[in-house]
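Q: I have a structure open and would like to go through it with you. Can we start with the fold and then look at the backbone?

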Amino acid sequence: AETRCDGDAFCFDLNPALGEGPRCIPIAYDCPPQWTVIDLNAHHENNAWIYQGNLARAEPPLEQHGGCNCSGSATGANDLFSFTAPRTGVYNFATSGVEGDTILWLRTACEMPQPAFELACNDDRIDVFSGFSVELEAQQTYYVFVDAFGIEGRSEYELTIQEPRQ
C-alpha cells in the first residue's frame, strides 16, 4: 500500500530502521533558520556568479546539511548557497581549485534530501572537481551544496555559475 499526501507534503520514511513506515511530511522549501545560507546572487560579476570557498576552514565551522544522492562519500558538512535565477535558461555550475575533491548538488527544496528535490548532482566531472548544466526557471530560488569527497578532499574551491546565453 502507498501513502498519499494532500497539499504541499511529501511521503517518505524518516527512519526505515525503526520500521514505522512512510509518513506525510511538509515540504521544507526554505532552509531551517539555524543553517547559514550564502546568497550567491550577491556575488555576480562579468556574467557569472563566483564564490571563493574553503571546506578546510576551522572558523566558522562547516555546518551539517546532509548529503546528496550521487555520492555516498559526501561528508554531510558543507557550504550551502541560495541562488535565484534571474531568467529561465540553462545555467552551468562548476567547482574548481588547486587541490581537493568536491561534490556539488542542487535542490529545489533546501531540507529535502530525496531524489525528487535534487535537480542535479555531480562528483568528478572536471577531474576531481564537479559540475553540471541544468535548466532553471526565472525567479525560482534553488539551493546549491558544495561538499568534499571525504574529509581528505576538503580544501579551498571556487564555485562558478555561468549565465545562460541570450
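Q: What pattern does the protein chain follow, read along the sequence?
A: This is a predicted model. Read along the sequence, the pattern is β-β-β-β-β-β-β-β-β-β-β-β-β. The protein chain has 13 strands and 0 helices.

Q: Which strands form the open sheet, and in what order?
A: The order is β4-β5-β13-β8-β11, 5 strands in an open sheet with antiparallel pairing.

Q: Which strands stand at the edges there?
A: β4 and β11. Each has a single partner strand, so one side of each is left without a neighbour in the sheet.

Q: How many bridges join β4 to β5?
A: 2 bridges, with the strands running antiparallel.

Q: Now overall dimensions. What is the radius of gyration of the protein chain?
A: It is 16 Å. A compact globule of 166 residues would have a value near 15 Å, so the protein chain agrees with that expectation. Along the principal axes, its C-alpha atoms fill a box of roughly 50 × 40 × 30 Å.

Q: What share of the residues counts as buried?
A: 43% of the 166 residues. The protein chain exposes about 8900 Å², and carbon and sulfur atoms supply 47% of that area.

Q: How much of the contact set comes from residues 24 or more positions apart?
A: Such pairs account for 73% of the contacts in the protein chain with a separation of 6 or more.

Q: How many positive and negative side chains are there?
A: 8 positive and 25 negative. The centres of the two sets lie 4 Å apart.

Q: On to the backbone. Which peptide bond is cis?
A: The one from Glu59 to Pro60, with omega near -15°. For context, most peptide bonds are trans.

Q: Where does Pro60 lie, and is it buried or exposed?
A: Pro60 lies in the loop between β5 (48-54) and β6 (63-64). Its relative accessible area is 53%, and because the cut-off for exposed is over 50%, Pro60 counts as exposed.

Q: What is phi of Asn46?
A: Near 50°, a positive value in a residue other than glycine. Most residues other than glycine have a negative phi. Asn46 lies in the loop between β4 (44-45) and β5, and at 73% relative accessibility it counts as exposed.

Q: What about phi of Gln139?
A: Gln139 also is not a glycine, and its phi is positive at about 65°. Its place is the loop between β11 (131-136) and β12 (141-148). Gln139 is exposed, with a relative accessible area of 59%.

Q: One change of topic: where is Leu119 found?
A: In strand β10, which covers residues 118-123. Leu119 is partly exposed, with a relative accessible area of 38%.

Q: Which residues is Leu119 in contact with, leaving aside neighbours within four places in sequence?
A: Leu106, Arg107, Thr108, Val134, Leu136 and Tyr142.

Q: And how far apart in space are Leu119 and Thr95?
A: Their C-alpha atoms are 17 Å apart, and the two residues are 24 residues apart in sequence.

Methods. Residues numbered from 1 in each chain as written. Predicted model: local features only at pLDDT ≥ 70, side-chain atom pairs only at ≥ 80, totals over all residues. Heavy atoms only, no water. Helix = DSSP H or I, 4+ residues; strand = E, 2+ residues; numbered from the N terminus. Buried < 20%, exposed > 50% of the residue type's maximum accessible area, 1.4 Å probe, protein only. Pairing = 2+ DSSP bridges. Rg over C-alpha atoms; globule rule 2.2 N^0.38 Å. Contact = heavy atoms within 4.5 Å. Areas by Shrake-Rupley, 256 points an atom, 1.4 Å probe, with all protein chains shown as cover. Lys, Arg positive; Asp, Glu negative; His and termini not counted. Charge placed at Lys NZ, Arg CZ, Asp CG, Glu CD.
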